[in-house]
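Hello,

Here is the structure I promised to pass on. Please have a look, and then read my notes below.

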Amino acid sequence: MCLNFVSLFPSNSDIFMPSITIMAKLNLKINGEVKEVDVDPSTPVLWVLRDHLNLVGTKYGCGIAQCGACTVHLDGTATRSCMLTVSMVGNSEITTIEGLSENGDHPVQKAWLDVDVPQCGYCQAGQIMTAAALLDKNPNPSDEEIEMAMNGNICRCGTYLRIKKAVKIASENS
Amino acid sequence: MTSIKTKIGRRAFIKNTSLASGGLVLGFSWLNSCKPKVGLDMAAKELSKEWFELNGYLKIGENGLVTILSPNPEAGQNVKTSMPMIIADELDVDWKDVMVEQAPLDTGAFTRQFIGGSQALRQGWTGLRMAGASARQMLKEAAAQVWKVPADEIKTSGGMLSHEGSGKSATYGEMASMAATMQVPEEVQLKEKNEFTIIGTSQKNVDGMNIVTGKPLFGIDTHQEGMLIAMIVHPPAFGLQLKSIDDSEVRSMPGIRDVFKVKVFNDDYVKTFFDTRTYNEVAVIVGDSTWQVMQAKKALKIECEPIQSSTETRDRFGTTWEQHTPKGLENTEDHYAQMRSRTEKGGEVRRKDGNPEQAFAKAAKVIERTYTAPFLAHNCMEPMNFFANVKDGKAELIGPLQKPEFTEQTLSARTGIPLENIDIKMTRLGGGYGRRSYAHWLVEAALISQRMEAPIKLIYTREDDMTDGIYRPTYHAKLRAALDADNNLIAYHVNVGGVPECPLYENRFPAGAVDHYLAEGWTIDSNITVGSFRAPSSNFMACAEQSFLDEVAEVAGKDPIDFRLELLDRAINKPMEGVTNDYDPARYAGVLKLVKEKSEWGNQDAKTSRGVAAYFCHNSYAAQVLDIVMEDGKPKVQKVTCAVDCGIVVNPDAATNLAEGGIVDGIGNALFGELTFKEGMPTKKNFDTYQMIRMQEAPKEIEVHFVKNNIDPTGLGEPTFPPIFPALANAIYQATGKRLYEQPFLKNWAI
């Protein structure tokens, strides 16, 4: 493995450390397929998905794991891909919004359509991934548990009530 | 039926009909741009092989499918669904047979292709109806020719034409080819409002499936072969300008192609209203991938120098004004001190009714309060970005923006590329709220592409997005009210201003409802740039005015809703001579009465505290009752009951969603929204310090009730936003006995 000082620090740290970057070939398990990427190992998964694999459903919002727009599943756990460096993934399975279901028919996606949740829609892939991971672990969450799980995902359009309603419907239907 | 001349938007009909009359307009690349609607039984239907364009807004396939182009950008207000619904209703087709695509920017074909001021539906309404109605008329004319019967005997319904006398009938698809050759009618009949079959029904977001499956809908998702990534580095503080860049370390970093300075506007260019740019010169880094450019961005060293004070001429649609930009590094505490002292000097009198000085002098009670609010950052979830490919004297641009018509002109002026060689494709906006009206990043993207001779995508980091300016201004208002011995409001005085804009609407309530009225405004120059932010000015004035009136009602010993209704009654029954008010007092009173009824005002349980507020803006009326309970000494919003009068509601469930959003967004900004400055530098640059409302702080329940009437639609994106600030403040007062005069409200909290 290469020496990489950057990855020792939070990716958006104000302290700049010049990196000695060596590109590395990595095999990533994404949406059930193995993808080979040739990138600087300090690259966050978010940018590997968006720039190198053209999986742009995962969104950039803040880059510091504060808004949840970049949420993916890492072995089924909701994870902020903007601060997850590609070198940390190892053999774990990554699922993105594109891989959540074949035809948009995951119970969470169906509930989202049923309630017609989105306004601008930019944050919704992240919201859906967080919700799907929640229901996977806790199929019947209480209101408080939903609020707790979803609190890391910002929606400036203010669709929170519909998100909560859709999570409940998905919970009933899954 | 209402007969109407096809004057509005006629250019569209004529231009495109002449195109169509040359033959069939075939279904070109629509598979790429046009996505079937959610829940549409499209799979069951063969997609059309041929399309017949009846006008710029719609084409009909030989099998009866209809493609409707939505002219305005979509930012989450759902116009991409509701605007085509209006066309489809007048065309008289089944909504399930309609497919929607985003129209290209075409100022020849469409009118007012921009969003802002909650005006898309209000100003689009008649033109969209005519687009549908004139196409329906052309279909009838076609059938009349084929069947040799009078056109006015032909009826339409659900995409079918029929003639009772002859028993003949045909689908729109069967007549589309012929209809495309018909003359555009000089005059068309619009439906009576009680004949609407689609308008007024809840229809799902046409992009719903694409959103929940993560399809590339947004500008930031744009990708083209050979595309490079560009980012900017701007000076760290307002009052500074870029002097030089030291790229020695950066040039050799992996994946970095070039580093240079870009000058956004030329020195002699007269900037228009939407050409605001904080830092006219910025450093640019171009590279192969986003992460590589982000790394280089951290390493780039720039040298800055103080700006000099300047005055430049700006042009607002033909009216020019002088904009003064002072030098210096500004601080938030200085802004507040300056605003306090500026208030005492008084402002420019913008309206004076009666004799306010005398009324205040002889009043039994005078109440005086001051209110302040900070700068706010827009914080669209999709950071600013744009794709550009400029080559061979042509510019292709793809991305999210609110005012493409204007930005296109700006780009043409900057690059010399004629308008006809500029192609702007509008993507879905990951939030706008006013910020995307100021599309300097489109110009930057084009200049970067031109220099690189390659397609590029410019992306602002979240930090760039938050610290690059164009904020909601900071404001300060002093309000005074005079009551007579019987507790009637006899005089009202508003003295308000801001850095650097004044939020005064002198003709709004309570103007016209009180005999003696004085409105004055002022501004303080600043080098911090500002611009439209969801319900500009109203987003502050509502809070000051409606918090104040709540307090005045209390001093007068009156119920806050009754007190407002009393004032509105006066405006309705004894209108003042010789003055013009912006609002209709009867509609204003209407939403207050509706919210009073629906919230069961006065019947709340013992642990719930309630606040009420109402406001008129963007041609619509909203009143809200907000319920809170105190938990651990902090307010928890339980429920909001909202009454809205925005005329005809085109898509009720989507309208409810938008109203809910305005309420949630408003509560968030009221509680937490604040951007402060130290030595010109924004003190917050990302969501770790800039607090946004999250699910836990959102109300548990929101009820939205629309006033039912047949008035043409007015705004909805903004009107529910301003009154929620004071409704919350007034509820918190009921719970705590503490009046809130400063935003964000959280600041008033002992933590």
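How much area is buried between chain A and chain B, and what share of it do carbon and sulfur atoms give? About 5,500 Å² is buried between the two chains, and carbon and sulfur atoms give 57% of it. Buried area here is the accessible area (1.4 Å probe) that two parts lose on being put together, summed over both.

Some housekeeping. This is a predicted model: local features need pLDDT of at least 70, side-chain atom pairs count only at pLDDT 80 or more, and totals for chains, interfaces and linings use all residues. Residues are numbered from 1 along each chain as its sequence is written, chains are lettered from A and ligands numbered from 1 in the order in which they are written, and side-chain values use heavy atoms, with hydrogens and water left out.

**Chain A against chain B**

Chain A brings 61 residues to the contact and chain B brings 68. Contact means heavy atoms within 4.5 Å. On the chain A side, Gln119(A), Arg156(A) and Leu161(A) lose the most area to chain B. Together they make up 16% of what that side buries.

The count between the chains is 6 salt bridges. A salt bridge is a side-chain nitrogen of Lys or Arg within 4 Å of a carboxyl oxygen of Asp or Glu. Arg156(A) forms a salt bridge with Asp665(B), at 2.7 Å from N to O. Another salt bridge pairs Lys59(A) with Asp221(B), with the closest N and O atoms 3.1 Å apart. Lys59(A) sits in the loop between helix 1 and strand 3 of chain A, and Asp221(B) in the loop between helix 6 (208–212) and strand 10 (228–233) of chain B, so this pair joins two chains. Over all chains, the salt bridge count comes to 55.

Polar contacts between chain A and chain B number 28 residue pairs (both at pLDDT 80 or more). A polar contact is a pair of N or O atoms within 3.5 Å; within protein, one must be able to donate a hydrogen and the other to accept it, and residues adjacent in sequence count only if both atoms are side-chain atoms.

Which elements give two or more residues to the side of chain A that touches chain B? They are helix 1 (45–52), helix 2 (107–115), helix 3 (124–137), helix 4 (143–150) and helix 5 (160–173) of chain A. Helices (H or I, at least four residues) and strands (E, at least two) are DSSP runs, numbered from the N terminus. By class, that side divides into 27 nonpolar, 22 polar and 12 charged residues. Ala, Val, Leu, Ile, Met, Phe, Trp, Tyr, Cys and Pro count as nonpolar, Asp, Glu, Lys and Arg as charged, and the others, Gly among them, as polar.

**Inside chain A**

Chain A has domain 1 (6–99) and domain 2 (107–173). Domain bounds come from an automatic or database domain assignment. The C-alpha centres of these two domains lie 23 Å apart. In the contact, 17 residues of domain 1 meet 13 residues of domain 2. The area buried between them is about 1,200 Å², with 57% from carbon and sulfur atoms. The salt bridge count here is 0. Polar contacts come to 7 residue pairs (both at pLDDT 80 or more). Strand 3 (71–74) and strand 4 (77–80) of chain A each give two or more residues to the domain 1 side. That side has 6 nonpolar, 9 polar and 2 charged residues.

**Inside chain B**

Chain B is divided into domain 1 (2–204), domain 2 (221–310 + 379–467) and domain 3 (354–376 + 471–748). The C-alpha centres of domain 1 and domain 3 of chain B lie 40 Å apart.

Lys193(B) and Asp712(B) meet in a salt bridge at 2.8 Å, N to O.

Best wishes
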